[in-house]
Amino acid sequence: MAISQQGAQELATDILLALAERPEQLAGFLGTSGLEPSALRQVASRPEIAVFLLDYIVEQDDRLLEIAEGIGRDPRDIMAARTVLSGPGSYGWEAD
């Protein structure tokens, strides 16, 4: 599936909203990123945060599958979004 830059950013936002409903996973993301919960709203729309969020999601298969199912998306869409935001060749994937 081809995904646009805007579509990739929107998917990252959907994932962030899904994490907000999973306090344990959100805490894991915040701990990994070093972000404070109060700063999350301020930086949520920044592309580099979206890439970091997608990296966090794809680093564990079970996390990726759970989030993909929770937002009704194919896990490959999440990887495609990450590739679009970070550039072709990232993680060995090429954008469609």
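The model is a predicted one. A search of the whole structure finds two cavities of 30 Å³ or more, and the largest pocket has a volume of about 160 Å³.

**Largest pocket**

- The volume of the largest pocket is about 160 Å³.
- Its lining is made up of Leu16, Leu17, Ala20, Leu26, Pro37, Leu40, Arg41 and Ala44.
- Helix 1 (5-20) and helix 3 (37-43) each contribute at least two residues to this lining.
- Sorted by class, the pocket lining has seven nonpolar residues, no polar ones and one charged residue.

**Largest cavity**

- The largest cavity holds about 40 Å³ of space.
- Around the largest cavity lie Gln9, Ala12, Thr13, Leu16, Ala44, Ile49, Ala50 and Leu53 as lining residues.
- Helix 1 gives the largest share of the cavity lining, with four residues.
- By class, six residues of the cavity lining are nonpolar and two are polar, with no charged residues.
- Leu16 and Ala44 line the largest pocket and also line the largest cavity.

**Packing of helix 4 and helix 6**

- The crossing of helix 4 and helix 6 is left-handed.
- On the helix 4 side, the residues in contact are Ala50, Val51, Leu54, Asp55, Ile57 and Val58.
- On the helix 6 side, they are Ile78, Met79, Ala81, Arg82, Leu85 and Ser86.
- By class, this contact has nine nonpolar residues, one polar residue and two charged residues.
- Ala50 of helix 4 takes part in the contact with helix 6 and also lines the largest cavity.

**Aromatic pairs**

- The whole structure has two aromatic pairs according to the search.
- One of them is formed by phenylalanine 29 and phenylalanine 52 and is tilted, with 6.0 Å centre to centre and 50° between the planes.

Terms used. Residues are numbered from 1 along each chain as its sequence is written. This is a predicted model: local features need pLDDT of at least 70, side-chain atom pairs count only at pLDDT 80 or more; totals for chains, interfaces and linings use all residues. Side-chain values use heavy atoms; hydrogens and water are left out. On a 1 Å grid over the protein atoms alone, a cavity is a set of points where a 1.4 Å probe fits but cannot get out, and a pocket is an open set with protein on both sides within 12 Å along at least five of seven lines; lining residues have an atom within 4 Å of a point. Grid points are joined across faces, edges and corners, and a volume is the space filled by probe spheres set on the points. Ala, Val, Leu, Ile, Met, Phe, Trp, Tyr, Cys and Pro count as nonpolar, Asp, Glu, Lys and Arg as charged, and the others, Gly among them, as polar. A crossing is left-handed if the near helix is turned anticlockwise from the far one by less than a right angle, and right-handed if clockwise. Contact means heavy atoms within 4.5 Å. Rings of Phe, Tyr and Trp (its six-membered ring) pair if their centres lie within 6.5 Å; planes under 30 degrees apart count as stacked, over 60 as edge-to-face and the rest as tilted.
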